[in-house]
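This briefing concerns contacts between side chains, in particular those of charged and aromatic residues. Please view the structure below before reading the points that follow.

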Amino acid sequence: MPIIKLPDGTSREYDTTVSGIEIAASIGPSLAKAALLVEVNGDLCDLSLPISEDAEIRIITEKDEEALEVIRHDSAHILAEAVKELWPETQVTIGPAIDNGFYYDFARETPFSIEDLELIEKRMLDIVSRNEKIEREVWSRNDATEFFSQAGEHYKAEIISGLPEEEPITIYRQGKFVDLCRGPHLPSTGRVGAFKLLKVAGAYWRGDSQNEMLQRIYGTAWSTKKELDLYLQRLEEAEKRDHRRLGRQMDLFHFQEESPGAVFWHPKGWRLFRSLVDYMRERQELAGYVEINTPEIMDRSMWEASGHWQTFRQHMFTTQTEDSRIFAIKPMNCPGGVQVFRNNLRSYRELPMRIAEFGKVHRYEPSGSLHGLMRVRAFTQDDAHIFCTESQVQDECCSVVELILSIYKDFGFADVKIKFADRPEVRIGSDETWDKLESALRGALDSMGYKYEVNPGEGAFYGPKIEFVLTDAIGREWQCGTLQVDLNLPERLDANYIGIDGEKHRPVMLHRALFGSLERFTGILIEHYSGNLPLWLSPLQVVVASITNEIDDYARQVLDSLRSKGLKAELDIRNEKIGYKIREHSIAKVPIIVALGAREVENNTVAIRRLGSKN
RNA sequence: GCCGCCGUAGCUCAGGGGUAGAGCGCGCCCUUGGUAAGGGCGAGGCCGUAAGUUCAAUUCUUACCGGCGGCACCA
């Protein structure tokens, strides 16, 4: 006799075991019609699941957020069913819901083509209109293994063997399609909303590059067609703010195949880049940093001493001279920084010593990972190494965190996630030292009252780290800043200072970068602002555009006066109509256009037009 | 690095076994026009690179290079 409590606080008693759909029906026919799932004591379940004991339930309809994930998951199942109908020899593997949609990974010899996608999508619509019942069954482990092995679904069989003993093996059946799945699912295939298949891609089985590659099909799914269309529209918008496209339109930079992953900065792009450096230089000086510069190329022995040769070799560019000496082009700035520190005998009085370097590093990144400015092989870090005593670690970390957050705010990033990564399994240093460093790092965050996520075991082998992830205007996350505590390098490269006791001591070394890579940060800024950079960052702030050539001299005067005020201004006295000039400079995202005609000359004024305005 | 797709003018792209086309941009001329494209004429291409098939390859095949979308990597 279950007593069912509903969200509005009322309870209903049922004579026998009752299912979600029956409860919904007993409340009202329209609810029964709209019901997709039921939440029982906080767990999302199938509507058909029998409830035999007292429970708090909630009927989930298309309006509830929870429904969307299930709609996406069901879309994945329908995708798999369609593929199995079209190509029965294809093996199914896994197919989860993801942000905005779903995917399903298939094992088959020939990859899917774009044309296949259309075919599959048609078949999926077919399955939806068949409105097949989706039924849950619990099987024994043996039966399930047997069934999937017999069916040639070896991946499914492998998944079952990996499930914990106590976990029930649930099977979902829709039409002739039978899939191993935890669920829950909608009552039938007709209940999914609007979906669209988007792309095919390769993906490794279980996400491991050692494993075979599967064929993944991505799709997006929504409760309604309207939401789907909105999403597709959003994708188009996102494409418009792609920094690679805007980089061309704004004439900021280009790439070419002789140097994959390396930027050719154009004058305006380089001006933007320099603005970032100038800004950072100013902030760092105020924060008590000194700036150095160290060689791009150093002898192999340096990298052997630092440990990079052993652990980072595959990412390093090297060069060999006529006399057969091997040099490496630096992939990191830290060994150079340590050399500057240890070039003098240091006193504890000099600590903390904050040494910054805008160092250009080269890393041989995998070809498939290159992506515009976001992932390059040659980039400039706003790097710094802080040498300090163990007791200074926490204060120094606090200052770095404060500096980072304050700087991000200046660039319009208020939403910053902080992640804390502690000791990994493979590490150096004693547990006592790790305790000290971790508590110093966490203490810094705690003392400042910042919330942070913990990534257990994700720290560097030489010390714990903090990562700063910022969210851009369209909600994407970017890891930029990082703060790492290091005991390894000072040891390996023999950095030390003389303590108050007159003895040599090992300093702690903090590695930190705020923008991370200046190239990447530039890319993020371009996309965040959709190219409409704030005035202070804009590499070209004002264009002085003449309406007729008769006033060219006046335009020159205005230009000179703007430039003398420190504004980045250019002149456009080409023989073109003003509308044409406005259009061209608007596409190039120039924030201010000053239009000059006879009227302005007469009154000794200017007509100002802000980017995007009507007039 | 792995899977798939792509590589034709500065850009965006069409074409297709008989050595190439559009729009924009660029140059010259006309036009001096008041807030997102005024008009005319013209110049621009070893069809990514190399091999193979063929009487003939930009077109078909293969390899390589590069790009794009994912995966893996990075952080």
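At 33% relative accessibility, F147 is partly exposed. The model is a predicted one. Within it, F147 pairs with W139 in an edge-to-face arrangement, with 5.1 Å from centre to centre and 90° between the planes. The points below place this pair beside other aromatic contacts and then turn to charged side chains.

**Aromatic pairs**

- The structure contains 24 aromatic pairs.
- A pair of aromatic rings is described by the distance between the centres and the angle between the planes.
- The pair of F341 and F387 is stacked, because the ring centres are 4.2 Å apart and the planes lie at 15°, and planes under 30 degrees apart count as stacked.
- This pair connects distant parts of the chain: F341 belongs to helix α12 (residues 334–342) and F387 to strand β24 (residues 378–388), 46 residues apart.
- F341 is buried, at 0% relative accessibility, and F387 is likewise buried, with a relative accessible area of 0%.
- One aromatic cluster is formed by Y279, Y408, F411, F413, F515, F521 and W536.

**Salt bridges**

- Side chains of opposite charge can pair when their charged atoms come close.
- The structure holds 39 salt bridges.
- E477 and K417 form one salt bridge, in which the closest N and O atoms are 2.5 Å apart.
- This bridge links distant parts of the chain, since E477 lies in strand β28 (residues 477–486) and K417 in strand β25 (residues 416–421), 60 residues apart.
- Both partners are partly exposed: E477 has a relative accessible area of 41%, and K417 has one of 33%.
- Another salt bridge joins R325 to D299, with 2.6 Å between the closest N and O atoms.
- Here, too, distant parts of the chain are linked: R325 is in the loop between β20 (318–320) and β21 (326–329), whereas D299 is in strand β19 (residues 297–299), 26 residues apart.
- R325 is partly exposed, at 42% relative accessibility.

**A salt-bridge network**

- The side chains of E132 and R130 meet in a salt bridge of 2.7 Å, N to O.
- E132 is buried, with a relative accessible area of 10%, whereas R130 is partly exposed at 38%.
- Salt bridges with shared partners join E81, E85, R123, R130 and E132 into one network.

**Charges over rings**

- The charged end of R72 sits over the ring of W222, at 4.4 Å from the centre of that ring.
- R108 lies over the face of F112, 4.1 Å from the ring centre.

Conventions
Residues numbered from 1 in each chain as written. Chains lettered and ligands numbered in written order. Predicted model: local features only at pLDDT ≥ 70, side-chain atom pairs only at ≥ 80, totals over all residues. Heavy atoms only, no water. Salt bridge = Lys/Arg side-chain N within 4 Å of Asp/Glu carboxyl O. Buried < 20%, exposed > 50% of the residue type's maximum accessible area, 1.4 Å probe, protein only. Helix = DSSP H or I, 4+ residues; strand = E, 2+ residues; numbered from the N terminus. Phe/Tyr/Trp six-rings, centres within 6.5 Å; stacked < 30°, edge-to-face > 60°. Lys NZ or Arg CZ within 6 Å of the ring centre and 35° of its normal.
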